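Here are my notes on the model, point by point. Please read them with the structure open.

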Amino acid sequence: MNFKRIASLLAWLLFAVIAYSTLSPIGMRPHIGTWVHVERFGAFGLLGLLFAGAYPGRLPLVVAIVLATAVGFELLQMLSMDRHARWEDFAVKLAGGGCGVAAGWFMARRWPRFAHRPPRINQNSNYPG
């Protein structure tokens, strides 16, 4: 398997984990630590990074997926009696997702093997190599 396939698989798997964590009853929500904003930022940062690595040439699609995930899950929390949607949570999720997408975009631009494209070859006729 190449990097894009692994990143795609992990991105969609993480999407499912975030969906479960966000939409499950509050008592069933997994906790890593006491700082929930760090958890949210990290989860959405990793989600953005994985989607950017999985789809390196489709930055608008990646941004739309991460944005729609943050908006959709916050709005879906309003349907649950024991969950709540807050602007603060939404902002942290967007910040994490944005940082993750930016990091993935940077990696794809700087290291071609992450974008699964061959390195550029100098087409100059004076180039000896």
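1. **Fold.** Helices (H or I, at least four residues) and strands (E, at least two) are DSSP runs, numbered from the N terminus. On that basis the protein has five helices and zero strands. The order from the N terminus is α-α-α-α-α.

2. **Ground rules.** This is a predicted model, where local features need pLDDT of at least 70, side-chain atom pairs count only at pLDDT 80 or more, and totals for chains, interfaces and linings use all residues. Residues are numbered from 1 along each chain as its sequence is written, and side-chain values use heavy atoms, with hydrogens and water left out.

3. **Confidence.** pLDDT is the predictor's confidence in each residue, from 0 to 100. The protein averages 79, and 75% of the residues score at least 70. Helix α3 has the highest confidence, with a mean of 87. Confidence is lowest in helix α5 (residues 112-115), at a mean of 58. Where pLDDT is low, the predicted coordinates should not be read in detail.

4. **Burial and contacts.** Buried means under 20% relative accessible area, exposed over 50%, and partly exposed in between (1.4 Å probe, protein chains only). Of the 129 residues in the protein, 32% are buried. Contact means heavy atoms within 4.5 Å. Take the contacts between residues at least 6 apart in sequence: 71% of them join residues at least 24 apart.

5. **Helix α1.** The expected span of a helix is 1.5 Å times one less than its number of residues. For the 21 residues of α1 that gives 30 Å, and the end C-alpha atoms are 30 Å apart, which agrees. A7, S8, A11, L14, I18, A19, S21 and T22 are the buried residues of α1. They fall within an arc of 165 degrees seen down the axis of α1, so they line one face of the helix. (The arc is that of the directions from the helix axis to the C-beta atoms.) The buried residues of α1 pack against α2, α3 and α4. R5, L9 and L13 are exposed on the other side of α1.

6. **L10.** Is L10 buried, exposed or partly exposed? L10 is in helix α1, and its relative accessibility of 39% counts as partly exposed.

7. **Helix α3.** Buried here are V62, I65, V66, T69, A70, F73, E74 and Q77. Down the axis of α3, the buried residues fall within an arc of 145 degrees, so they line one face. They pack against α1, α2 and α4.

8. **Nonpolar core.** A nonpolar core is a set of buried Ala, Val, Leu, Ile, Met, Phe, Trp, Tyr and Cys residues joined through side-chain atoms within 4.5 Å. The largest one has 16 residues, of which L14, I18, F44, L47, F51 and V62 touch the most other members. Elements giving two or more residues to this core are α1, α2 (36-54), α3 and α4 (87-110). Check V62 in particular: beyond its neighbours within four places in sequence, V62 contacts G48, F51, A52, Y55 and V101.

9. **Aromatic pairs.** Rings of Phe, Tyr and Trp (its six-membered ring) pair if their centres lie within 6.5 Å; planes under 30 degrees apart count as stacked, over 60 as edge-to-face and the rest as tilted. The whole structure holds four aromatic pairs. One of them, F15 with F73, is tilted, at 5.5 Å centre to centre and 40 degrees between the planes. This pair links distant parts of the chain, 58 residues apart: F15 is in helix α1 (residues 3-23) and F73 in helix α3 (residues 59-77). F15 is partly exposed at 25% relative accessible area, whereas F73 is buried at 8%. The ring centres of F51 and Y55 are 6.2 Å apart and their planes at 15 degrees, so this pair is stacked. F51 is buried at 0%; Y55 is partly exposed at 23%. W12, F15, F51, Y55 and F73 form one aromatic cluster.

10. **R40.** What does R40 touch? R40 is in helix α2 and is buried, with a relative accessible area of 15%. Not counting residues up to four places away in sequence, R40 touches R86, D89, V92 and K93.
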